[in-house]
Amino acid sequence: VGLCSSPAMEPRETKGLTRPAHLALGLALKFLSARDLAILSCTSSKTRFICERESRTRCLKMNFDYHYTWAKLLRACEVVEGKPQSGPAVPVPSICSTRRVFVEGAGIPEVNGEYVNSGMGVNGRVFTRRVRDEIFVIRKLYSGHQLFWYLSRNAQRVNAQQLYWANVPFMEHSTEEGYPPRSDWGAFHDEHLPAPATRVS
């Protein structure tokens, strides 16, 4: 899965494990990230099957139905949840939502309007809005060790400008999981006030 090119083994490949060892390994896998599952799956044919099954089980609980390896899909789910990854990277498939984010009440008129989920960044969903030659982006980025939502102008260009920011809620499901918070946005500069509010539709 992910880091290995060989397909997952059939269930018979786990027969060499005793039942207690099989149960203990299964319990331990529930605490591993997508990266760790992918690395462990490369160690033997027995662990390959068990890691693939664990990745698949956890993804099915999230109600996704995409044609990717389960480890890649699990990593995408972790990205949505804001879980960081270090070391050898598990590729993230683009799982874009059809839901839109609407920005309202910002002091910069061009910021206001509809944003679409255009891709997945390393910290979660990325939402964009194009206005003539400018692109406005909403995404999560780290500042030091803390994760924030940022609304930026021309984020991928040399003239990039951070406009607004918001804390990432400790429990994101208290708002809309994987989506910007509805309120409590701040402006980087007073001339850009008032700060916006967002809603998901």
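I began with the accessibility of F148: at 13% relative accessibility, F148 counts as buried, where buried means under 20% relative accessible area, exposed over 50% and partly exposed in between, with a 1.4 Å probe and protein chains only. I noted that this is a predicted model, in which local features need pLDDT of at least 70 and side-chain atom pairs count only at pLDDT 80 or more, while totals for chains, interfaces and linings use all residues. Residues are numbered from 1 along each chain as its sequence is written, and side-chain values use heavy atoms, with hydrogens and water left out.

I then looked up the ring pairs, taking rings of Phe, Tyr and Trp (for Trp the six-membered ring) as paired if their centres lie within 6.5 Å, with planes under 30 degrees apart counted as stacked, over 60 as edge-to-face and the rest as tilted. The count by this rule is four aromatic pairs. For F148 and W165 I found the ring centres 5.9 Å apart and the planes at 85°, so this pair is edge-to-face. The two residues are 17 apart in the chain, F148 in strand β5 (residues 146–153) and W165 in strand β6 (residues 161–167); strands here are DSSP runs (E, at least two residues), numbered from the N terminus. W165, at 29% relative accessibility, counts as partly exposed.

Y150 counts as buried at 9% relative accessibility, whereas F188, at 37%, counts as partly exposed. I recorded that ring pairs link F148, Y150, W165 and F188 into a cluster.

I also looked for charges over rings, requiring NZ of Lys or CZ of Arg within 6 Å of the ring centre and within 35 degrees of the ring normal. R99 lies over the face of Y179, 5.3 Å from the ring centre, and R199 lies over the face of F102 at 4.5 Å from the ring centre.

Last, I traced the sheet, counting two strands as paired if DSSP finds at least two bridges between them. I read an open sheet of eight strands with antiparallel pairing, in the order β7-β6-β5-β4-β3-β2-β1-β8. Strands β7 and β8 stand at the edges with a single partner strand each, so one side of each is left without a neighbour in the sheet. Strand β3 (residues 124–131) runs antiparallel to strand β4 (residues 134–143) and is joined to it by five bridges; R130 stands opposite I135 in β4.

Definitions and conventions: Helix = DSSP H or I, 4+ residues; strand = E, 2+ residues; numbered from the N terminus.
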